[in-house]
Amino acid sequence: MHQHGGHRTRVSVEPGHGARRIILVGNPNVGKSVIFSHLTGIYMEVSNYPGTTVEVASGPSRFHGGSQVVDTPGVNSLVPRSEDERVARDILLEDGERVVVQVADAKNLRRALLISLQLAEMGLPFVLDLNMADEAQAKGIALDLSRLSQILGVPVVETVAVRGQGLSDLDRSLQEARPSGFKVRYSPEIEAAITRIGQLLPVLPISPRSTALFLIAGDHSFEAWLSPKLTPEQRESIKQAVAGVDSSSSEPLNYAISRRKAEVVDGLLAEVTSVGRGGVAASWIERLGQWTMHPLAGFLVLLLVLLLMYLVVGRMGAGIAVDFVQSVIFNQFINPWAIWLFSFIPIAFVQELFVGKFGIITMSLTYAIAIVLPIMLFFFVGFGFLEDVGYLPRLAVMANKVFKVIGLSGKAALPMVLGLGCDTMATLTTRTLESKRERVIATLLLALAVPCSAQLGVILGLLGGLSFQAFILFWVILQSQLLLVGFLASRLIPGRSSDFVLELPPFRRPKLSNIFIKTAHRVKWYVTEAVPLFIIGTLFLFFADKVGLLAILERAASPLVKGFLGLPGEATRSFIMGFLRRDYGAAGFFQLVGEGKMDNIQVLVSLVVITLFVPCIANFLVIIKERGLKTALAIVGFIFPFAFLVGGMVNFILRSLGVSL
């Protein structure tokens, strides 16, 4: 499982032939990933904001021999309205032995039961897991599990997955999973059509009743899946049956089906739910969550968050931690010992390769371990805290009005927030946006003005050495360029914005174990995936220096870097490294500051440019994959000169005004 900042990629393990599948299904942000981790032992990063499940993960079960556990994207319906819902539904349509674990939010049972009714209609054996039971209890919600199980005819269990509560009950219930006998009765016309269509169908992995309802509801993706399995005569007869019930209905069939399900769910809720009075702590937490979205209080909270991140990452991480690791551990022990050890190897090339100016130990490991890692550690803790309490999606709600100005809905705020974890993975999540225009604009802005966690940590570290005024000025410059470019792009790229619908998770008290686990796995990701790229970047600089390429590049870039940006010539190397990994480039500036080669204005200018600079090579390749080569080249062709233009203007304005940072 590879971690990328605040987001995750999925490593799928294909099930063996004939293996039983345990399929996790549920609404977004209900804890499926925690259940997956419990069943498989595979860690999956758990974030308290929706939209983090983009691809499908699977792994062998630890407790049910021969079974394969499959984690699906969050859905609100199995009649798909998005790519995520189609993927989840298609997994349920696959042949083979399978059992479904429907993970539900215990305090929001209504939306979960709508899926339960669809699973019942499909005829699939399933278990209903009411997760987050503690939050339901805190709200005074009492659920009659026994009665709900009796009505649906399937096992119903209660869990608090993040604390491990009830998971043993869930494991046992899987042995008792069975199809639900509960049936929703529709209008006589729809019921007659269900019967007629059911008689025309071949044997399928789901029930004839469910198949007929998918067709009557007008699910075109399901029609495409079913069509090859039918004869031309069957297709025509089914088409006529659907047309017949459609003509006799006074309302759209999909609406009639959904409305009837909602009526049945309301009846179920009345029978199994009672609501009392929530606790004082819960109401206080809820009020705090509401403050984070208030027009005025929310802005003040945002400033407080920025100040705390500045102090924790910039002062403690980049100041105290980096100073100790770099100045003491590396400069007094590791590097001198390495230089002494390699002095016994009488080959100058080898000595320079490992302990020279561009040495693997003296440069790449010093950058990666002594400078970046301590900063990352503090940043990952802070970012994990914001994730765990549920602040990030509330930040997206606050950003909705601003995003309308740049031609996007607030839904695009989710990829932007995820970009603070990893721009590469955030670019993949832009596929959830509804129009090509929105996907292109969001991809452009991610590449331009959203620093990933690794780079952001180093940026905060460098800003920690400046004044809080410089800290605020950097973010004002960055966000003003994001708004400017977004505004212009929204005027030049045709199309319209989609509506903003975002499922808000509860605002919770942070759980230290969650933050610790996230931080540990992110540090592991950094060490295993980022550090090797630092070494590759150093090797590139080493050989470029040997053949004279680096000197040529520095001379060619000198008028731009030294003249226009006002930076030292060595800054060219940082820009070159920034294309491999932007945090590596930022670390180069950190080193120059430590050597006393950059003043405060130069630090601010360098950070503006490296942040607006061409995205790292991994992000560039994903942009090609998602948007195509032509669009990727156009984005890079715009970003490169724009970043240097903005940096030059900042340098000129600050020098002209005599600003002191």
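A nonpolar core is a set of buried Ala, Val, Leu, Ile, Met, Phe, Trp, Tyr and Cys residues joined through side-chain atoms within 4.5 Å, where buried means under 20% relative accessible area, exposed means over 50%, and partly exposed lies in between (1.4 Å probe, protein chains only). In the largest such core of this structure, which has 109 residues, Phe474, Tyr526 and Phe575 touch the most other members. The model is a predicted one, in which local features need pLDDT of at least 70 and side-chain atom pairs count only at pLDDT 80 or more, while totals for chains, interfaces and linings use all residues. Residues are numbered from 1 along each chain as its sequence is written, and side-chain values use heavy atoms, with hydrogens and water left out.

**Confidence**

- The mean pLDDT of the chain (the predictor's confidence in each residue, from 0 to 100) is 84, and 90% of the residues reach 70 or more.
- Residues 48–54 have pLDDT below 50, and this stretch has 43 contacts in the model beyond near neighbours in sequence, a contact being heavy atoms within 4.5 Å.
- Residues 278–282 also have pLDDT below 50, with 6 contacts in the model beyond near neighbours in sequence.

- Leaving aside residues up to four places away in sequence, Phe575 touches Val561, Leu565, Leu567, Phe589, Val609, Ile610, Phe613 and Phe644.
- A second core, separate and of 62 residues, includes Leu119, Leu148, Ile194 and Val242.

**A buried glycine**

- Gly461 lies in helix 20 (residues 453–463) and counts as buried because its relative accessibility is 6%.
- Not counting residues up to four places away in sequence, Gly461 touches Val313, Gly314, Ala318, Ile375 and Phe590; from Ile375 it is 86 residues apart along the chain, with their C-alpha atoms separated by 6.5 Å.

**Nonpolar surface patch**

- Leu560, Phe564, Leu645, Met649, Phe652, Ile653 and Leu657 make a nonpolar surface patch of about 690 Å², with accessible areas taken from the Shrake-Rupley method with a 1.4 Å probe, and only the protein chains shown counting as cover for residues.
- Patches are made of residues with over 30% relative accessible area and no salt bridge, like charges being joined within 9 Å and nonpolar side chains (Val, Leu, Ile, Met, Phe, Trp, Tyr) within 5 Å.
- Helix 23 (549–564) and helix 28 (629–657) each supply at least two residues of this patch, and helix 28 gives the most, with 5 residues.
- Leu560, placed in helix 23, counts as partly exposed because its relative accessibility is 32%.

**Salt bridges**

- The whole structure holds 26 salt bridges, each a side-chain nitrogen of Lys or Arg within 4 Å of a carboxyl oxygen of Asp or Glu.
- Arg147 pairs with Glu271, their closest N and O atoms being 2.4 Å apart; this pair links distant parts of the chain, with Arg147 in helix 5 (residues 145–152) and Glu271 in helix 11 (residues 253–272), 124 residues apart.
- Arg147 is partly exposed at 28% relative accessibility, and Glu271 is partly exposed at 39%.
- Arg185 and Glu191 meet in a salt bridge at 3.8 Å, N to O, in which Arg185 is partly exposed at 48% relative accessibility, whereas Glu191 is buried at 13%.
- Salt bridges that share partners join Arg86, Arg89, Asp90 and Asp219 into one network.

Definitions and conventions. Helices (H or I, at least four residues) and strands (E, at least two) are DSSP runs, numbered from the N terminus.
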